[in-house]
Amino acid sequence: MVSVLGIDGKEVERIELPKVFKQPVREDLILRAFLAIQSHKRQPYGPNELSGLRTSAHYHGRRRSRYTMMNREIARHQRLHGNTVPFMFWRARIAPQTRGGRPAHPPVPEKDWYQKINKKERIKAIISAIAATSLKEFVKARGHKIDGVKELPIVVDDRIEEVKKSKEILEFLKKIGLEEELERIKKKKIRAGKGKMRGRRYKRKTGILFVISEDRGISKAVRNIPGCEVVNVKDLSVHQLAPGGKPGRLTIFTKSAILKLGEKYGSV
């Protein structure tokens, strides 16, 4: 049995959790399903076919003459010659180890990144990720601050789906003991590496996931809270429940979403 909380943070009733929350957590399956989802989003990439080849440099042979420098302690690379700027005369090109040469062993666009996963394995991974949301050891291992929470999973009355203001959602989260969690997800850090120059300068923490049965305005209220997401119960996947392939994301279910989980995975 688990408590159903109202918007004021007080207990309204108690309901029985479906069997899906009693299933064992298979971390190996969760990671496998997560990596499969990531591979489906990956796009082919590779260098241009003419990278390093846009040059008039060519091999001059091994013949010794006043026009060539072969056999005179110089590497046998394709080189520039003729009507070129003085400092580029006899400059090596094309070979991977030369300046401005073609890339050596580049990634090829023809590579297939797609990973397959069996339907039963994928469903089992989703079930395991749902079960992990009710276990404090998994939720705490992800870094969530849940010392003020009485029990997991957190189940809320369906009226929360009608909330359209972020202020009301924040007040509700503070009333159920998630004030420390809100402070945690506010923080952001500067990314290490070149990603700072590519539009992803900051990294944020993954916050709370709201699982609902019908969106009646709550998505507008939650989208302004950093790190938090809203997902319909029929669209649940490992990608939302276990970001990074690590189970135990702090999740808030509505009462109707819990009932639909029981209908969908009741025979498990």
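Reader: Is Glu181 buried or exposed?

Author: Start with the general idea: a residue is called buried under 20% relative accessible area, exposed over 50%, and partly exposed in between, using a 1.4 Å probe and counting protein chains only. In this structure, Glu181 has a relative accessible area of 0%, so the residue is buried. Keep in mind that this is a predicted model, where local features need pLDDT of at least 70 and side-chain atom pairs count only at pLDDT 80 or more, while totals for chains, interfaces and linings use all residues. Residues are numbered from 1 along each chain as its sequence is written, and side-chain values use heavy atoms, with hydrogens and water left out.

Reader: With which residue does Glu181 form a salt bridge?

Author: Side chains of opposite charge can pair when their charged atoms come close. We call the pair a salt bridge when a side-chain nitrogen of Lys or Arg is within 4 Å of a carboxyl oxygen of Asp or Glu. Here the partner of Glu181 is Arg184, and their closest N and O atoms are 2.9 Å apart. Arg184 is also buried, with a relative accessible area of 13%.

Reader: Where do Glu181 and Arg184 sit?

Author: Both belong to helix 5 (residues 179–186); because they are three residues apart there, about one helical turn separates them. As for the numbering, helices (H or I, at least four residues) and strands (E, at least two) are DSSP runs counted from the N terminus. Salt bridges can also share partners: Glu161, Glu162 and Arg216 are joined into one network that way.

Reader: How many salt bridges does the structure hold?

Author: The structure holds 12. One of them links Glu13 and Lys255, with the closest N and O atoms 2.6 Å apart. Glu13 lies in strand 2 (residues 11–15) and Lys255 in helix 8 (residues 255–264), so this pair ties together parts that are 242 residues apart in sequence. Glu13 counts as partly exposed at 28% relative accessibility, and Lys255 is partly exposed too, at 22%. Another salt bridge brings together the side chains of Arg159 and Asp157, at 3.2 Å from N to O. With 16% relative accessibility, Asp157 counts as buried.

Reader: How many helices and strands are in the chain?

Author: The chain has eight helices and eight strands. Of the 268 residues, 40% are buried.

Reader: How far apart in space are Leu173 and Pro86, C-alpha to C-alpha?

Author: They are 71 Å apart in space and 87 residues apart in sequence. Leu173 belongs to helix 4 (residues 166–175) and is buried, with a relative accessible area of 0%. Now look at another pair: Ile190 and Tyr202 are 12 residues apart in sequence, and their C-alpha atoms are 4.6 Å apart. Ile190 has its place in strand 4 (residues 188–190), where the residue is partly exposed at a relative accessible area of 46%.

Reader: Which peptide bond is cis, with omega near -5°?

Author: That is the bond from Leu152 to Pro153. Pro153 lies in the loop between helix 3 and strand 3. Lys145 is found in that loop as well, between helix 3 (136–141) and strand 3 (154–156). Lys145 is partly exposed, with a relative accessible area of 39%.

Reader: What is the phi of Trp90?

Author: The phi of Trp90 is near 65°, a positive value in a residue other than glycine. Trp90 lies in the loop between helix 1 (27–41) and helix 2 (119–132), and is buried at a relative accessible area of 14%. Ile94 is found in the loop between helix 1 and helix 2, and has a positive phi near 70°. At 16% relative accessibility, Ile94 counts as buried.
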